2 protein chains.
Amino acid sequence: MDVSKMLSGARLDASSRRPLYLQIAGLIGEKIKSLVLPAGTKLPPERELAVLFGVSRTTAINAYRCLEQQGLVVTRVGSGTYVEELPAGREEEGRSVPWIQLMTPFPQLPLSTVLREILEVDFSGGSISLAAGMPDPALYPVELLRQGIAGSNNGINPVDLGHISTEGYGPLRNLVARMIADRGIESTGEDVMITAGSQQGLYLIGKALLEPGDYVVVESPTFIGAHQVFSASGARILSLPVAGQFPFSLLEDYLVRYRPKLLYVIPTYHNPTGRLMPENERRDLLKLAARHRLVVLEDDPYSELYYDEKPPASLKALDDYGGVVYLSTYSKVLFPGLRTGYVVAHPALLNRMAHEKQFIDLHSNNLAQWLLCRLLESDALREHLALVRGEYKKRRDALAKALRRYCGEELSFETPRGGFYIWCRNNRPVLSGRLLQQSAGEGVSFVPGEAFYVHPPEGEKEFRLCFVTHAEKPLQEGARRLARALAGIRRTGKQRDIIVNQPVKPLI
Amino acid sequence: MDVSKMLSGARLDASSRRPLYLQIAGLIGEKIKSLVLPAGTKLPPERELAVLFGVSRTTAINAYRCLEQQGLVVTRVGSGTYVEELPAGREEEGRSVPWIQLMTPFPQLPLSTVLREILEVDFSGGSISLAAGMPDPALYPVELLRQGIAGSNNGINPVDLGHISTEGYGPLRNLVARMIADRGIESTGEDVMITAGSQQGLYLIGKALLEPGDYVVVESPTFIGAHQVFSASGARILSLPVAGQFPFSLLEDYLVRYRPKLLYVIPTYHNPTGRLMPENERRDLLKLAARHRLVVLEDDPYSELYYDEKPPASLKALDDYGGVVYLSTYSKVLFPGLRTGYVVAHPALLNRMAHEKQFIDLHSNNLAQWLLCRLLESDALREHLALVRGEYKKRRDALAKALRRYCGEELSFETPRGGFYIWCRNNRPVLSGRLLQQSAGEGVSFVPGEAFYVHPPEGEKEFRLCFVTHAEKPLQEGARRLARALAGIRRTGKQRDIIVNQPVKPLI
């Protein structure tokens, strides 16, 4: 349950005569009584509550004290504030439906919740977010969009706005196949399935191939959305460290011991590390995979975003045993709101995925698919790519230079040759979670490294900076603020915020 | 596996010197060798294969004979043609990935597959489809769409094309809440979640509330997509006959005996029967539901499409115990390609559904949501509704009149007061599946009744006609063709095509 997010929608009435702490207590109390916040839910720490509502810490403390007096919350020393069990008969006349109790068990992903709460601390008001992996809205091709739909030569055929096949809009499937031929991938429209972003591709592949107890191998660190969706399907995750050379012997060990159902990799401008898998490694990986008939899921959202030379051929292009499933998206090269990605795979797998997709949404939205056809038919997408490559290259260089200049001693990183991210490591024993808190005060944010690991606290000294969302000036300012946050921690001394392996106490 | 669909993409080369039966055998053989058609798959009957490729029945028979000689298929007398087990070593050098064998078990929904095959018989070339529940493309508001995106006063804010919250685009959620206030539903944007069509709403509700073994009550007949998604979640389906009065005592019996997790109903212009639940029944249903804290899932895609008086208040509007979850969509009133529907429910349920949706697609597409905002802010949607109501009323009357005129003796039906469908029943012992085959020859199609029942062959004498997809003239012609098909069956005598409860033979 994302408590901070739930509360962040609520607004206080500054003009009211009711004290702010009572307003806050009222808002939270209401959510407890209506069971939106069920018994046992941990509420945000006082300092976070204060930030959330823009009040002093004293006001936040008073709000919790007031709720405690009403018997709605309980404070456990050293642990935090929790929602109390509601006394019987307290639910509005006992007539309402106890929604929380009716729901199916949900795979708990506690880390992601903690992180979301950290990341949702209010960063507005001049704060610079280097956290989200999103292209810069200022570069979205809004004009192309307008022309695409309004252009007099591009009249929409109404039939294209009706139901289309679950696998996607036929002309788009063909155009995607033609587009990826440039990346050396031989395919026809029948090998392509259009999905609601690559997230849906991951979900459908999980539905088609994974059952509880199955094993999946992922790089470590890796894209958080992937390992979450695999975990939610009940699979166990085996992690493969990807700093330095690819660990072939460990992978082979996994293959022999656990017979994993698939290997998930981002070989080109990896998220979060920016790593580019060299061509010889790609070939060796495929040799090993072919020997074991291993399904390799290649996630490739960034390969068109190269800033020096073109990347080597994709695994899919080099695949000679038919085991590579290829996943990509237009979210990173155009804009995320398109929600349009694609999977290139054996038609038998696509057919099964289509049956799952039928249950989920019948088919993806036609407007975005129609529009993408217009962009792919013309040279518009190619021109847009050339534009953003030039711009992002400047941004990457600006951030890398500023980091070296302002945080030189404190951080290690390699300049990536493409993609969205610079992956940093604190040279001194500074935890990224701690650094994020300090950075919030300075007005800059990022994603702490542990978000990308299956087994935190791995990555506790690492963090990811996205260099494409802002122009060069804000990036430089972001690096300066980061340097100030690091200096602030140097002054206050180190502090272990994340407690690992807390002793397990018996439930009494 | 949808074999007919898979084959229907393939085209023969009429100019080739290679005989057609060899071309067909080649196409099918290729799919068998590449495991797209796995061992044990039932292939289409010869007459269907003939229709599929537009060849004579003899050519189809010869194609199968040829495949049999190659050891690729086997014919079982009285049962059909099946793909044979591939001899070892036949898979391309044994190096390819055996996709079919790697997939997770899929809930078999044999009926729907059979029906899809029937419905995918080529109806092009002047054939009139009264099957799909789709609005008429000629009435799609394409011009509104163009204006909405291109209008100079409606500049898109690029930020709206980035990531938005999983629950939907905020302004649209608020506008939906305002719009449904007209239907008596009190809500705020926080009670509304935007989904990829109402299909996704069904899926997410299933994820949040249903586990294998749970019970769900549905009307019988009902919307096929709903009972399929509930079945796929592993739930058992209890069916509630909805001809005539609502069966309250049976429902109460189910509630007491099985404690079902939810009741799924379409109270307003029901699909497929067109039935309108009267207001007193609505109130009685809610009283019973409240007493049992039953979750009622009200699916309401059609209530704005009334052709006489407005329908009574929705269950959600009358709900006084908070147990009604409301589901609707813009597919039926605008166009299906928008893929935009919504769920109105308790925020605790929406929060859980949003967590599931995050895995599936992060959020629904922004373009459609942005566009809907433009249509809802102006009076455009209201004006469009007035237009289609007038038009569909004429179509309903035209089809009803033509059916009475041409098929009067043969069919029974009631004229619906809104929605999309006329639900017919054969007065004589004619099976709808048989009638559909005969109708294909006459150039008209519909959906046979059994598609809407959880337990076929219920509905085998019923069928659904959609009266909104075509204008009055084609509707009249459709009724004439249906009359000819009925006459054709009268001449050839009755024939039982659907074999019920075939004796189970031991596997030897």
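The model is predicted, so local features need pLDDT of at least 70, side-chain atom pairs count only at pLDDT 80 or more, and totals for chains, interfaces and linings use all residues. Residues are numbered from 1 along each chain as its sequence is written, chains are lettered from A and ligands numbered from 1 in the order in which they are written, and side-chain values use heavy atoms, with hydrogens and water left out.

## A covered strand in chain B

Start with strand S15 of chain B, residues 462–466. Helices (H or I, at least four residues) and strands (E, at least two) are DSSP runs, numbered from the N terminus. Five of the five residues in S15(B) are buried. Buried means under 20% relative accessible area, exposed means over 50%, and partly exposed lies in between (1.4 Å probe, protein chains only).

In a regular strand the side chains alternate between the two faces of the sheet. Here Glu462(B), Arg464(B) and Cys466(B) point one way. Phe463(B) and Leu465(B) point the other way.

Which strands pair with S15(B)? Two strands pair if DSSP finds at least two bridges between them. Strand S12 of chain B (residues 421–426) runs antiparallel to S15(B), joined by five bridges. Within this pair, Ile422(B) stands opposite Leu465(B). Strand S14 of chain B (residues 447–448) also pairs with S15(B) in the antiparallel sense, over two bridges. There, Val447(B) stands opposite Arg464(B).

## Backbone features in loops

Most residues other than glycine have a negative phi, and most peptide bonds are trans. Chain A has a cis peptide bond from Ser220(A) to Pro221(A), with omega near 5 degrees. Pro221(A) lies in the loop between strand S5 (215–220) and helix H10 (224–232) of chain A. Another cis bond joins Asn271(A) and Pro272(A), where omega is about 10 degrees. Pro272(A) sits in the loop between strand S7 (262–265) and helix H12 (279–291) of chain A.

Leu362(A) has a positive phi, near 65 degrees. Its loop runs between helix H14 (347–361) and helix H15 (366–377) of chain A. Leu362(A) is partly exposed, at 28% relative accessible area. Tyr269(B) also has a positive phi, near 55 degrees. Tyr269(B) lies in the loop between strand S7 (262–265) and helix H12 (279–291) of chain B. Is Tyr269(B) buried or exposed? At 1% relative accessibility, Tyr269(B) counts as buried.

## Salt bridges

Side chains of opposite charge can pair when their charged atoms come close. A salt bridge is a side-chain nitrogen of Lys or Arg within 4 Å of a carboxyl oxygen of Asp or Glu. The whole structure holds 56 of them over all chains.

| Arg291(A) | Glu252(A) | 3.2 Å |

Glu252(B) lies in helix H11 (residues 248–258) and Arg291(B) in helix H12 of chain B, so the pair ties together parts 39 residues apart in sequence. Glu252(B) is partly exposed at 28%, while Arg291(B) is exposed at 53%.

Lys394(B) and Glu391(B) are three residues apart in helix H16 (residues 380–407) of chain B, so about one helical turn separates them. Lys394(B) is partly exposed at 44% relative accessibility.

Salt bridges that share partners also build one network in chain A. Its members are Glu442(A), Glu477(A), Arg480(A), Arg481(A) and Arg484(A).
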